[in-house]
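Colleague: Could you take a close look at the aromatic ring pairs in this model and explain how the assignments come about?

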Amino acid sequence: MLPVWLFAAYLFVAYALHEQSRIEQEALWIARQVSLVVDGEIVNLKTLLEGLSKAPALADDDLQAFGTEASRLVQGTDQVITLRDLGGRALASTESAKGSEPSAEPLTPEEREHLDLAGVLVSNVFAAPGSNAYRIAVTRQVSGSKGQALLLSMSVPTERIRLAMLPAVPAGWTVAVGDREGNYVARSKLHGEVTGKPGLPEYLAKVVGRSGTFRSRNFEGTTLLAGYYRSPYSDWFYTANVPLSDVQAPLWWSLAQIGATGLTALLVSLALGYVVGTRFTKATVDLAARADALGSGSEVEPLSTTVAEFDSVAQAMIKAGRAIAERTRELETVLDTAPVAVWFTYDPQARQVIRNRFAAELMGLSTESRRSFGTPDLVIDTLAYKNGQPVSREDRPLSRAMRGEETHSEEFAYTLPSGEQRYLLSSARPIRSAEGSIIGAVQISLDISERKRGEEQRQLLVKELNHRVKNTLAVVQAIAGQTIRTATSLAQAGAALSSRLISLAKAHDLLTRENWSGADLQILIAASIEPHAPLARFDLSGERVWLPPNIALSFALALHELTTNAIKYGALSNSTGSISISWKVEEGETSRVLELDWHEKGGPPVARGKRGFGTELLHRIFEYEGGGVTLNYEQSGLHCAFRVGLLPGRETLPTGTGALPADLPR
């Protein structure tokens, strides 16, 4: 029945498509016929203008008489005649109401060219001010009394165009006329609602070239089949439209007939097939269930059927199931005993895998609830890296083995869904059939995570040690060089160098106790000044601030220089002087700035001296740290202001930092 049904469908569809093509040609023909009718009406208007252009008053340049003659010509009609020069200035008109004449703008080059070629220019639709009346104008060029070029126009309402084309519009069709800008001039239906208004952009975009057909929606949302023709005389376009549902009605009717006939035949065939194939279908379902049981590792039960061939296949499945179960138990025992992770796959995409107990533990799976060995399961979705580069699943050992590659002892880093990272040393190779084709793959992996973490820790410690030693040697070298260059004697150089190195060593001790994570500012200040002067002569005030290691070392050296200078020349050189140290942190949206003031009081009068090593040291170390130092030699004592940028977001001391010593001044 099916070939007959399809052949009948072909015949019906071919007929419907032929009808559709015929209607498209009819739409083109209607659009062209309407254009001829409207062009004829425009020719009539042109003829009136040609007769008027030969009026003696125009040749005599008697514009008033010419206007009277033009008014008599259009008296009792809705026509308006206008005479204007090429610049758009009206010279005579039969209508005083502004807007009944065409645009007073000068002609564009395109309009001028069309006027020269066709001898007449048909305007776009325009509206008369103060009313909803839309008009069009026909213009031709005439000569004045002195031979100058003038434009003689006659405008009529767009309703006249609609009335002219109605006799050429067949029943059931909608014909529309559009001007060069895509605005409606006239429409056989709903003319008053659309005249002068722009057409739908999606509709106008398909009016390309001289003529053609297309499908589009109208204002009401109805899909239309349209034929269009653009008149070379007026450059307007004419469209003949019919609802696409009317065009497709024969096709749908044909399809309905075919469907009803085919459905009847199909129901009869199904009834016969059901009667004949009931026993065969039941046997097929039972056999498929046993095949599923064999594939899933379940026990295959005997099949009770009158189809002998299916019974033979079922007996073979039972024997195969028993053999597979025995081999599976042997293989599972061996693989669960071996202390390595093993994966098997028979999936070409390597997505379904069989894993042993160690592989399940390695991937973070529970071995207690794990299904029996031999049951395929989805691979764990992990991220893999080799030599620091991401490795896609297609480039991993098991997938490559399914493509015939063999890999040996390759190291991979895996990030499990739990976030844990493991390092595996993996080898893989394909499993081939007796004929040599690839039927599966196997991968064996050793967990080397602890070994890799140990290696990384050792490398990190070596790098950290090298970094600390280089930084310390660089600081010592700078201090020694500057001390020797500014010292007046070898003894002075030795004493100054020793004092500065001791201050640096104390800062190192403080940072070492904090594992070089940084230092508390107040504890650092106390540790820097305590070896040189009693803490009772210092007034410390400020919030808790945690300094990074590099800034902590810089402050330790700076405080040592300031304390030594105060002992020699400043507030600590007598028994009455004191030093105030205050600090605060300015918080910004993207930055934190530490401001620290060293202010000496009660010492001998201060005089600005030459810039020695101590001053040079203060400026250099804090310029290097991205900050600045300001020294003011005030009458009351030295005032030193530090401004140093800190890392944003570090507002509290690290966990484990102890409280301040009880004897520190606060």
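Modeller: A residue is called buried when its relative accessible area is under 20%. The model is a predicted one, and Phe-538, at 4% relative accessibility, therefore counts as buried. The partner of Phe-538 in an aromatic pair is Trp-598, which is likewise assigned as buried, with a relative accessible area of 0%. Their ring centres lie 6.1 Å apart with 65° between the planes, and the pair is edge-to-face; an angle over 60 degrees is what that class requires. Phe-538 belongs to strand β21 (residues 538–542) and Trp-598 to strand β24 (residues 592–601), so that this pair links distant parts of the chain, 60 residues apart.

The structure holds six aromatic pairs, and another of them is formed by Tyr-203 and Phe-214, whose ring centres are 5.0 Å apart and whose planes stand at 75°, so this pair too is edge-to-face. Because Tyr-203 lies in helix α7 (residues 201–204) and Phe-214 in strand β9 (residues 211–217), the pair ties together parts that are eleven residues apart in sequence. Tyr-203 is buried, its relative accessible area being 10%, and Phe-214 is buried as well, with a value of 9%. These two rings also take part in a cluster, in which ring pairs link Tyr-203 and Phe-214 with Tyr-228.

Conventions: Residues numbered from 1 in each chain as written. Predicted model: local features only at pLDDT ≥ 70, side-chain atom pairs only at ≥ 80, totals over all residues. Heavy atoms only, no water. Phe/Tyr/Trp six-rings, centres within 6.5 Å; stacked < 30°, edge-to-face > 60°. Helix = DSSP H or I, 4+ residues; strand = E, 2+ residues; numbered from the N terminus. Buried < 20%, exposed > 50% of the residue type's maximum accessible area, 1.4 Å probe, protein only.
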